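Colleague: Hey, I've just opened this one and I'm new to it. Could you walk me through it?

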Amino acid sequence: MSQEISETPETPVVPAAEEVPATESASAAPAPQERRGRGPRRDGRRGDRRGPRNAAPADPNAPEYLDKVVHINRCAKVVKGGRRFSFAALVVSGDGKGNVGIGYGKAKEVPDAIRKGTERAHKALRPVCLRNNTIPHEVLGTHDGGEVLLRPAAPGTGVIAGGGVRAVLEVAGVKDVLSKSLGSNNPGALVKATLDGLMKLRTLEQIRAARS
């Protein structure tokens, strides 16, 4: 009996790809590009410039002021569609070297009211007579219903005051003083009474000159 043997065709052997050494593959791979800023613009400026655009340079000779918001008042007007609000800001400003001013600004928004009050306070700066870090003598300032008593204090005492009185004394440059409110607690009356008292201060040289 003849025995049939089926011959299976041999699968072709595909040659393996030549292995590349690690050093050669690393050198052949493209090097990662470094991230750089944007190139120069058409007008010659670099595109990666930081900072606000069209920012005006700060004036080094501009005086520095200390601004403090004493009180913000809100007023509501009732109309057909509802209520319309307006704001008023009482601001005191000074340079901390014997000059102080008061400003009152009104606007539909709080930031605008503060800005107006600050600008008016800067324009209304008035000189104050000081002796070292305190005031030369005791004084009583009045305005409407407000009365503020100011007394000189020893070094290291600090500003013994509150509310609008403290704000006016600090921006004026007074560091040691005693105060007492004897009248109304209205912020506007207190601030203006304090300013009235500071305007009454006189140094020893000024009093001698006036008597002679």
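This is a predicted model: local features need pLDDT of at least 70, side-chain atom pairs count only at pLDDT 80 or more; totals for chains, interfaces and linings use all residues.

Colleague: Okay, where is D144, and is it buried or exposed?

Modeller: D144 sits in the loop between β5 and β6. Its relative accessible area is 75%, so D144 is exposed.

Colleague: What's the backbone doing there, say phi of D144?

Modeller: Phi of D144 is positive, near 55 degrees, in a residue other than glycine. The turn holding D144 belongs to a hairpin made by β5 and β6, with two residues between the strands.

Colleague: Which other residue has a positive phi without being glycine?

Modeller: N132 is one, with phi near 60 degrees. You'll find N132 in the loop between β4 (126–127) and β5. N132 is exposed as well, at a relative accessible area of 73%.

Colleague: What sheet are they part of, and in what order do the strands come?

Modeller: It's an open sheet of four strands, ordered β5-β6-β8-β7, with mixed pairing. β5 and β7 (159–160) have a single partner strand each, so they are the edges, and one side of each has no neighbour in the sheet.

Colleague: And how does β6 pair with β8?

Modeller: Antiparallel, through five bridges, with β8 spanning residues 177–181. There, R151 has L178 in β8 as its bridge partner.

Colleague: Let's zoom out. How many helices and strands are there in the protein chain?

Modeller: Five helices and eight strands. Along the sequence they follow the pattern α-β-β-β-α-β-β-β-β-α-β-α-α. The chain has 212 residues, and 26% of them count as buried.

Colleague: Which residues touch the most other members in the largest nonpolar core?

Modeller: That core has 26 residues, and the ones touching the most other members are V92, V100, I135, L150, L169, L198 and L201. The elements giving two or more residues to this core are β2 (82–94), β3 (99–107), β6, α3 (163–172) and α4 (187–199).

Colleague: What does L150 touch, leaving out its sequence neighbours up to four places away?

Modeller: Among its contacts are I135, V139, V165, L169, L178 and L198, and also H137, E138, S179 and T194.

Colleague: Switching topic: how many residues does α2 have, and how far does it reach?

Modeller: Helix α2 runs over residues 110–123, which is 14 residues, and reaches 20 Å from its first C-alpha to its last. That is close to the 20 Å expected at 1.5 Å a residue.

Colleague: Which residues of α2 are buried?

Modeller: A113, G117, T118 and A121. Looking down the axis of α2, the buried residues fall within an arc of 130 degrees, so they line one face of the helix.

Colleague: Why would spaced-out residues in a helix point the same way?

Modeller: An α-helix has 3.6 residues a turn, so residues three or four places apart point the same way.

Colleague: What covers the buried residues of α2, and what's on the face turned away?

Modeller: The cover includes β1 (66–79), β2 and β3. The face turned away from the buried side carries the exposed residues P111 and K123.

Notes. Residues are numbered from 1 along each chain as its sequence is written. Side-chain values use heavy atoms; hydrogens and water are left out. Two strands pair if DSSP finds at least two bridges between them. A nonpolar core is a set of buried Ala, Val, Leu, Ile, Met, Phe, Trp, Tyr and Cys residues joined through side-chain atoms within 4.5 Å. Buried means under 20% relative accessible area, exposed over 50%, partly exposed in between (1.4 Å probe, protein chains only). Contact means heavy atoms within 4.5 Å. The expected span of a helix is 1.5 Å times one less than its number of residues. The arc is that of the directions from the helix axis to the C-beta atoms.
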